[in-house]
Amino acid sequence: MPKPSLAHIEEIEERPATCALRLQNGMLDDANAGVAVATRKRRRRVPVAVGSAEDYEETCLLGEGGFGTVVKARHRATGLTVAIKRLTPPDADSQTAAASISRLAGAGSCGLEEELLREAWFHEACGGSGHPFIVGFRGLVRDPAAAAADLGLVMECVDGPSLHDYLRQRRRRRHGGARIPEATARAAMWQLLTAAKTMHESGVVHRDIKPGNILVGDGRRVLKICDFGLAMATSEAPSHGPAGTLWYKAPEVLLDMRDYDARVDAWSLGCVMAEIIYGRALFAGSYEREQLVAIFDVLGVPDGGAWPEFASTAFAAEAVTELDVRRGSRLRELFPAAMLSREGFQVLHGLLTCNPHKRLTADAALKLPWFAKVEALQLPSEDDVASAFANKELHIVPSASEKRKLRDLRVF
Ligand SMILES: Nc1ncnc2c1ncn2[C@@H]1O[C@H](COP(=O)(O)OP(=O)(O)OP(=O)(O)O)[C@@H](O)[C@H]1O
Ligand SMILES: [Mg+2]
């Protein structure tokens, strides 16, 4: 895929935009508006392609998340297909509005643009388009007809559903309780842990690994992690906005411990592994406290030996009334030997360890015997597994510039 008319990110500074932006060390340095730069330890300019949105013809909606829309588009000159993500201002009615507003707050008039540039930086830091299990990054596009803050993130287009859509379809269509075979789960986890290992070695913590941010591609043979919208650099203090999606959030994040690190991704991957094998989310609370109760109900309440820091949290004092603190882990009961071998359980149990200091890292997990021999991935076929949005006509999702025009006309 040829990059759209390659330019450096510094070009943005030359525009008569509302503020000047530089992409440095995962943070944006806004000299004019004084936006905070979390770390200045290691300044690194990253060249990012900034092309014109007019070079692409948008064809259909691929997905919609809490923060943006992703459309399929065709590069007019070459005919190549890409996916373009644009961030949308938080919708006051949406369930994720609170998180969106919190994520975008404080970034001034360039908030959306900065968030997208941050996302671009994390893609670049992880190798751009060179990793088989991380969605490929092609550059940025700007709509020349639109006002400022209308950047699009151009990615490789992954042709399948998200893992979330895939697993949901399997749940709906399951006959006779057929589960995904252990060898398939192992191949899937090998790909995901390999992606996480690369991210962490590149100084990036994803912070929102979940089935909705994993794309199934190449005829169900490849999984690719996408959506760096909540990522942080390991050199940053872990305080940039909300971190993750409730069901996949690590206990230290739920307990509001501020010094968490890449091991939050290892926890999320443990939750994803459980979901692939079990068929549904293992810990499914409705709010943070309930989520913690759900976790400790399965894994047991950590004692002082298992996790010394836990005892001093406010939750630990209160949880005694809601949980049987004497009961140990029920994880093996839920994943018996018939469902998951001893070697497989070692990985699951290691990733789902409450104390982050005792939790398996992605690198350590990949060295365990379960991964000594990994088959090629081939997720079972589901004829009608498809993104809930597949083939919807684009006209139902106006672009940001179209929305503005329609708003002016009071049509939208
Ligand atoms: N490169 C891609 N190729 C195909 N589909 C994609 C691609 N990137 C994203 N999608 C689809 O769009 C959806 C939303 O994308 P993404 O997760 O990046 O947006 P978001 O608004 O940040 O989501 P979230 O709700 O997780 O915060 C994905 O779940 C997926 O279905
Ligand atoms: Mg997402």
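Student: By class, which residues does the shell around ligand 1 have?
Tutor: The shell has 10 nonpolar, nine polar and three charged residues. Ala, Val, Leu, Ile, Met, Phe, Trp, Tyr, Cys and Pro count as nonpolar, Asp, Glu, Lys and Arg as charged, and the others, Gly among them, as polar. This is a predicted model: local features need pLDDT of at least 70, side-chain atom pairs count only at pLDDT 80 or more, and totals for chains, interfaces and linings use all residues. Residues are numbered from 1 along each chain as its sequence is written, while chains are lettered from A and ligands numbered from 1 in the order in which they are written.

Student: How many residues surround ligand 1, and which are the closest?
Tutor: 22 residues surround it. The closest are G63, G65, G66, A83 and D227. A residue counts if its C-beta atom, placed from the backbone, lies within 6 Å of the molecule.

Student: Which elements give two or more residues to that shell?
Tutor: β4 (56-64), β5 (68-75), β6 (81-87) and β8 (151-156) do. Strands here are DSSP runs (E, at least two residues), and helices are too (H or I, at least four), numbered from the N terminus.

Student: What order do the strands take in the open sheet?
Tutor: The order is β3-β7-β8-β6-β5-β4, with mixed pairing. Two strands pair if DSSP finds at least two bridges between them.

Student: Which strands stand at the edges?
Tutor: β3 (50-52) and β4. Each has a single partner strand, so one side of each is left without a neighbour in the sheet.

Student: How does β3 join β7?
Tutor: Three bridges join them, and they run parallel. S52 has R142 as its bridge partner in β7.

Student: New topic. At what angle do α5 and α7 pack?
Tutor: α5 (residues 182-201) and α7 (residues 263-278) pack at about 165°, with axes 10 Å apart. Axes are lines fitted to C-alpha atoms, for helices over the stretch in contact, and angles run from 0 to 180 degrees between N-to-C directions.

Student: Which residues make the contact?
Tutor: Among them are A185 and L192 of α5, and D265 and L269 of α7. Contact puts C-beta atoms, placed from the backbone, within 7 Å. The contact residues divide into 11 nonpolar, no polar and one charged.

Student: And β10 with β11: parallel or antiparallel?
Tutor: Antiparallel, over four bridges. V216 stands opposite L223 in β11. In their hairpin, D218 takes a positive phi near 50°.

Definitions and conventions
Two residues are in contact if their C-beta atoms, placed from the backbone, lie within 7 Å.
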